[in-house]
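Visitor: Could you walk me through this structure step by step? I am new to reading models like this one.

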Amino acid sequence: MDCLEKVLLKEVNKENLLETVNCFNCLYRYSGTEQGEKAVSYIEGKLDSYGVSYEHCEYDGFFSLPVSAELSVGERTYSLIADVYSKETDNLKGELIYDHWSEKKKLTQLDNQVRFQAFKGKMVLSWDGKGTFAAEARRAGALAVIQICPTKGDYIHHSNIGIVWGTPDPDQEVYMQFLPAAGIRRSDGEALIEELKRENVCGSLSIKMDTDIRKSSMTIADIPGRSDSYILVSAHYDSWYEGITDNAVSDAILLEYARLFKKYQKDLKRGIRIAWWSGHSDGRFSGSAWYCDSHWQDLHDHCVTHINLDLTGCKNSDQIVTRTAGTEGVSYTGKLIKKYTGREPETYIPMIRGADQSFWGVSVPITIMLKYEPVKEKRMSDCPSGGPWWHTNKDTIDKLDEAIMMRDTAINLEMICDIQESKTLPVNISEFMADMGKRLEICLSSLTENFDTTAIKEGWKELEEKFEWLAARAENSYLEDKDLKETVGKLLHLIYCRKDPYHHDYGDGFGIFGAIGKFSGITGENTTREYYVMAQTGYMRSRNRLCDGMKDICGYIESMQKRS
């Protein structure tokens, strides 16, 4: 008999995929709504027909949907799209100012102090619309924020100004206070900028929202293997409008995986758990965050890989980019990508803070979410998909490319098969540590002299020595999944996160070693005295967290050495 991977690849049924896509094409799958729940019923009906066991999960989420938004300036009215979690307002009047600072890439704390002081009592037109920016603008006394969509053409991408990951707990309530916020077309925004250069401009802003706590359902299929370990494969089913490429195609692919893995369940070494999340776009990843919170111990003990599918099957996505937490090594996904596209991946993107990456705290050793995008000469926008229709009502059935859908189905399926049947999880410890070591060096070199990096450098050196032993053991003998969770998985949490394993970081931007890197370039000269003292305190705490975490991992490896 052929290996499982080849058998499953031969049995992928294109018509099954298209059936689901066409069904979802008739549904606006917003979380906790009638059509969203119809999508769940469809998924569960298909799983029933395949004989796949599943858990029907229900949770209360804080969901937010825009209803209408417009800005009137003089005789002209601009159509807007309100941001998720925007505050409602009716004919809010005020002076409109342009945030010219948003044209710059890097601002010091003193720059931002001057910047936000100008916002008090004003409606702010800006290229920046991130949640952290909106929160700071509200604290500065801004009346509203209007973000200029960077994409050329008749597009406004749905956006979100919430920074709390998932549903907030009581300590996070202060971060759930919002101001009116909406997006405007690029051409309209640029016209307003020119008008603001000539004269003072007043506007009237109206925003209506549907923001409430609603109950939402999710389906988690479970196909156990011979061991207690499992691979989590996930995608969000909630959408903006029909959301064909974001994310109906991925939902269809997951259903086909469930059918195939159930049929050949007896051949599975590790189990396959397949999840369809809600609350991705309209609840700030509240579905996957809730699942992690409510199933934390099980995930911590048994989940060894998280593979997330998003924006698959999208027209014009002729290339695939490596985007992972990096532990399997660039060459691992690089070989697969070349096999399915004929191209070596040009870049390697570390995992992003988004796309339902809610599982850092449960020590998952491998996290992969491939990126599907246009080749350079065919790129139409900077959107994270084949074209500028991302997060708009133009993400319709005509944006589906059936050949690319089949390609994306196959490459992820082959990856899952390889990981589930491997004797030792396919982590390339040497390549990973070399990459992370270089990134840490760059991060530490960006700190000014008053941020002492000695302890971090010494801790990393010791960790490298321990991981050399771990790498040799992985190559020469069997390593248990638990050992890789307690070492590689825990290191990923230290590298990618700022908080403890039981709490989710905020949904703002971050980088590798971001808990340390956030203090990059800070001096007493480019910050206020108060902020500089607070930065020193924050750095010491982040340093202590990183050093103590590395010490714990070294201790675990020492215990492994004693057992061997």
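Visitor: In S10, which residue is the bridge partner of Ile220?

Guide: Keep in mind that we are looking at a predicted model. Strand S10 covers residues 271–277, and five bridges join it to S8 in an antiparallel arrangement. Within this pairing, the bridge partner of Ile220 is Ala275.

Visitor: How many bridges join S1 to S8?

Guide: S1 spans residues 54–73 and S8 spans residues 201–223, and the two run antiparallel. One place to look is Ser68, which stands opposite Lys208 in S8. The number of bridges joining S1 to S8 is 18.

Visitor: S4 also pairs with S8. Which residue in S8 is the bridge partner of Glu95?

Guide: S4 is made of residues 89–98, and six bridges join it to S8, again antiparallel. You can find Leu92 bridged to Leu205 in S8. For Glu95, the bridge partner in S8 is Cys202.

Visitor: Do S4 and S5 run parallel or antiparallel?

Guide: S5 holds residues 122–126, and four bridges join it to S4. Leu96 stands opposite Met123 in S5. The direction of this pair is parallel.

Visitor: Is Gly437 buried or exposed?

Guide: Gly437 lies in helix H12, residues 429–445. Its relative accessible area is 17%. Buried means under 20%, so with 17% Gly437 counts as buried.

Visitor: How far apart in space are Gly437 and Gly521, C-alpha to C-alpha?

Guide: Along the sequence, Gly437 and Gly521 are 84 residues apart. In space, the C-alpha to C-alpha distance between them is 20 Å.

Visitor: Now the pockets, please. Which helix gives the largest share of the lining of the second largest pocket?

Guide: That pocket holds about 380 Å³ of space. Of its 19 lining residues, Lys490, His493, Leu494, Pro501 and Asp552 are the closest to its centre. The elements giving two or more residues to the lining are H9 (296–302), H14 (481–496) and H16 (529–563). The largest share, six residues, comes from H16.

Visitor: How many charged residues are in the lining of that second largest pocket?

Guide: Sorting the lining by class gives seven nonpolar and five polar residues. The remaining class is the charged one, and its count is seven.

Visitor: What is the volume of the largest cavity?

Guide: The structure holds four cavities of 30 Å³ or more. The largest cavity is lined by 16 residues, and Trp360, Gly361, His503, His504 and Asp505 lie nearest its centre. The volume of this cavity is about 100 Å³.

How values were computed. Residues numbered from 1 in each chain as written. Predicted model: local features only at pLDDT ≥ 70, side-chain atom pairs only at ≥ 80, totals over all residues. Heavy atoms only, no water. Pairing = 2+ DSSP bridges. 1 Å grid on protein atoms, 1.4 Å probe; cavity = no way out; pocket = protein on both sides within 12 Å on 5 of 7 lines; lining within 4 Å. Points joined across faces, edges and corners; volume = space filled by probe spheres on them. Nonpolar A, V, L, I, M, F, W, Y, C, P; charged D, E, K, R; others polar. Buried < 20%, exposed > 50% of the residue type's maximum accessible area, 1.4 Å probe, protein only.
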